[in-house]
Amino acid sequence: MHRRDAGRLSARDACRFVRDVYSLDAAEASPINGATAEVWHVRGIFGSFLFKRFPRAMAKGAEREPEIAAILRAAKVPVASFVRANDGSFVTDCQGQPAHLQTFIEGTTPQQNAAQPRSEEHTLNSSH
């Protein structure tokens with residue numbers, strides 16, 4: 001039998017988790033909606049971070065994100081840095097669900113699958 005994922009955190013819970021697990025000041029948190037995970041923008045004296053808590057079914061994805069970011073960073077692609085928890089891990093347990101913390105990069109994230117389709121002309125010209 002699968003255990004259901006815990007309900008959504010409150011802003012107070014998100015801040016408390018960041019303080020307890022990462023030893024970072026977390027003065028305020030606001031939800032970022034529209035993501036596949038539960039995402040919080042957490043701010044404090046040490047800067048701005050994204051705290052992400054994933055459904056259990058996405059545990060492998062949560063564990064791969066820091067690895068993928070490291071590959072992209074090595075290729076000189078600007079990506080967020082992941083923060084190690086007090087126990088040295090990137091992925092932690094938050095009320096039975098995988099979670100991690102990363103630096104916040106100011107900007108706008110496009111919606112998933114929102115890229116314009118490649119035109120046939122572009123596809124034909126790029127094959128030469």
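# Reading the terms in a predicted model

Author: In this predicted model, Arg-73 is found in helix 2, where helices (H or I, at least four residues) and strands (E, at least two) are DSSP runs numbered from the N terminus. As to conventions, residues are numbered from 1 along each chain as its sequence is written, and side-chain values use heavy atoms, with hydrogens and water left out. Local features need a pLDDT of at least 70 and side-chain atom pairs count only at pLDDT 80 or more, while totals for chains, interfaces and linings use all residues.

Reader: Why does Arg-73 count as partly exposed?

Author: Buried means under 20% relative accessible area, exposed means over 50%, and partly exposed is what lies in between (1.4 Å probe, protein chains only). Arg-73 has a relative accessibility of 36%, so it falls into the intermediate class. Contact means heavy atoms within 4.5 Å, and, leaving aside its neighbours within four places in sequence, Arg-73 is in contact with Val-79, Ala-80, Ser-81 and Phe-82.

Reader: What is the confidence of the protein, and in which elements is it lowest and highest?

Author: On the pLDDT scale, which is the predictor's confidence in each residue from 0 to 100, the protein averages 85, and 83% of the residues score at least 70. Confidence is lowest in helix 3 (residues 120-126), with a mean of 51, and highest in strand 4 (residues 82-83), at 96. The secondary structure comes to 3 helices and 6 strands, running α-β-β-β-α-β-β-β-α from the N terminus on.

Reader: How do you know that the length of helix 2 agrees with its number of residues?

Author: The expected span of a helix is 1.5 Å times one less than its number of residues. Helix 2 (residues 59-74) has 16 residues and should therefore span 22 Å, and its end C-alpha atoms lie 24 Å apart, which agrees.

Reader: What makes you say that helix 2 bends, and where does it do so?

Author: The bend at a residue is the angle between axes fitted to the seven residues ending there and the seven starting there. At Glu-65 that angle is about 30 degrees, and a proline, Pro-66, follows within four residues. Pro-66 is itself buried, as are Ala-62 and Ala-69 in helix 2, and what covers the buried residues of this helix includes strand 4 and strand 6 (97-103).

Reader: Which residue follows helix 2, and what makes its phi worth a remark?

Author: Helix 2 is followed by Lys-76, which has a positive phi of about 70 degrees although it is not a glycine. Lys-76 lies in the loop between helix 2 and strand 4 and, with a relative accessibility of 73%, counts as exposed. Gln-95, in the loop between strand 5 (92-94) and strand 6, likewise has a positive phi in a residue other than glycine, near 55 degrees, but at 47% relative accessibility Gln-95 counts as partly exposed.

Reader: How many aromatic pairs does the protein have, and what makes the pair of Phe-17 and Tyr-22 stacked, tilted or edge-to-face?

Author: Rings of Phe, Tyr and Trp (its six-membered ring) pair if their centres lie within 6.5 Å, and planes under 30 degrees apart count as stacked, those over 60 as edge-to-face and the rest as tilted. By this rule the count comes to 2 aromatic pairs. The rings of Phe-17 and Tyr-22 have centres 6.4 Å apart and planes at 65 degrees, so the pair is edge-to-face.

Reader: How do you know whether Phe-17 and Phe-51 are buried or exposed?

Author: Phe-17 has a relative accessibility of 12% and therefore counts as buried, and Phe-51, with a relative accessible area of 0%, is buried as well. Tyr-22 is also buried. Across the protein, 29% of the 128 residues count as buried.
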